[in-house]
Amino acid sequence: MSTVAESPAAATPTAPRVVELEITGACQLRCTQCFADSGPGGTHGAMTADDWRRVISDAAALGVREVQLIGGEPTTHPAWAELVGHALGSGLQVEVYSNVFHIRTGWWDVLAREGVKLATSYYSDRAEEHDAITTRPGSYERTRANITEAVRRGIPLRVGIVSVLPGQRVNQARRELEALGVTEIRTDRTRRLGRAALPGAGADAAELCGRCGHGQAAVLPTGEVTPCVMSRWLTTGNVRDRGLAAVLGGAAWAEALRAIPARADGSVCDPDCKPASDSGDCAPAEQEACDPKYSE
């Protein structure tokens, strides 16, 4: 992982709107395109629950509006529900990005709290295709059932569909989600990062949406701060050493933002993980998807 060099100079940071907290690298699934390369062998990293609480408090003090708990699968972390409560108590909105493969009965009460939103991924209206991408048999049925339950409970829900396989039934998956009552659906192409990187290829900033760090920041399980969970090689400092405000106000953060190429057409089309632009998002009502022409 490359690190952007830091100089002693620091500036007062501009508060991001969203801070992504990648609280674990563990996941029940091992999706073929995972940018974080997470899976059953992943760990919770070096950050303790106290470390995460401190980051959340620092984010609130900076004026951040929302934190996202992401992974890996955030609900595999033993303190995830407590961290949700701490964020809400700090005046922050919370989005939990879960694969919803396994939701314990008591967790629904956490997800249904005011100020909490749920996000997940979905790949196809056919079990065999969905499960081929997650590499976990039965994931389609369990994900679909828990999406249905979230809608039934009135939990705000965002679903992302990533095109991974040739001829993948993306449009049919969208229609199935709409039939289930999901109203916020985003589509994206596979970003050639992490597990989906081309053989022998290094990290490619051209695979990013171009808005990493603009309105958002991410903290990895190591405590390293990056402009986005997808730009994880651009580490700019560690919250365990310096704190969030110091990292965001440092020269390494500014240098990392300069290393990320803007989209040539000037448009904003955010990856599935988390749109953080105040100026606009990929609007599924206005465009089919961020990249490919999907087959019927």
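## Contacts in a predicted model

Residues 275-296 keep a pLDDT under 50, and for them the model has 60 contacts beyond four places in sequence. Here pLDDT is the predictor's confidence in each residue, from 0 to 100, and contact means heavy atoms within 4.5 Å. Where pLDDT is low, the predicted coordinates should not be read in detail. For the protein, pLDDT averages 85, and 81% of the residues score at least 70.

Some ground rules. This is a predicted model, with local features needing pLDDT of at least 70 and side-chain atom pairs counting only at pLDDT 80 or more, while totals for chains, interfaces and linings use all residues. Residues are numbered from 1 along each chain as its sequence is written, and side-chain values use heavy atoms, leaving out hydrogens and water.

**Salt bridges**

There are 12 salt bridges in the structure, each being a side-chain nitrogen of Lys or Arg within 4 Å of a carboxyl oxygen of Asp or Glu.

| Pair | N to O distance |
|---|---|
| Arg53 and Asp50 | 2.0 Å |
| Asp51 and Arg240 | 3.6 Å |
| Arg169 and Asp125 | 2.6 Å |

Take Arg53 and Asp50: both sit in helix H1 (residues 49-62), three residues apart, about one turn of the helix. Helices (H or I, at least four residues) and strands (E, at least two) are DSSP runs, numbered from the N terminus. Asp50 and Arg53 also belong to a salt-bridge network with Glu82. Asp50 counts as partly exposed because its relative accessibility is 47%; on this scale buried is under 20% relative accessible area, exposed is over 50%, and partly exposed is in between (1.4 Å probe, protein chains only).

Asp51 is buried at 10% relative accessible area, whereas Arg240, at 44% relative accessibility, is partly exposed.

Then there's Arg169 with Asp125, a salt bridge at 2.6 Å, N to O. Arg169 is in the loop between strand E5 (157-163) and H6, and Asp125 is in the loop between strand E4 (116-122) and helix H4 (127-134), so the parts tied together are 44 residues apart in sequence. Arg169 is buried, with a relative accessible area of 18%.

**Aromatic pairs**

Two aromatic pairs turn up. Rings of Phe, Tyr and Trp (its six-membered ring) pair if their centres lie within 6.5 Å; planes under 30 degrees apart are stacked, over 60 edge-to-face, and the rest tilted. Trp80 and Trp107 are edge-to-face, at 5.5 Å centre to centre with 85 degrees between the planes. That pair links Trp80 in helix H2 (residues 80-89) to Trp107 in helix H3 (residues 107-111), 27 residues apart, and both Trp80 and Trp107 are buried. Tyr122 and Tyr140 are tilted, at 5.9 Å centre to centre and 35 degrees between the planes. Here Tyr122 in strand E4 is linked to Tyr140 in helix H5, 18 residues apart, and Tyr122 and Tyr140 are buried.

**Helix H5 against helix H6**

Tyr140 shows up again among the residues Tyr140, Arg144, Ile147, Thr148 and Val151 of H5, which meet Glu176, Leu177 and Leu180 of H6. The residues of this contact divide into five nonpolar, one polar and two charged (nonpolar: Ala, Val, Leu, Ile, Met, Phe, Trp, Tyr, Cys and Pro; charged: Asp, Glu, Lys and Arg; polar: the others, Gly among them).
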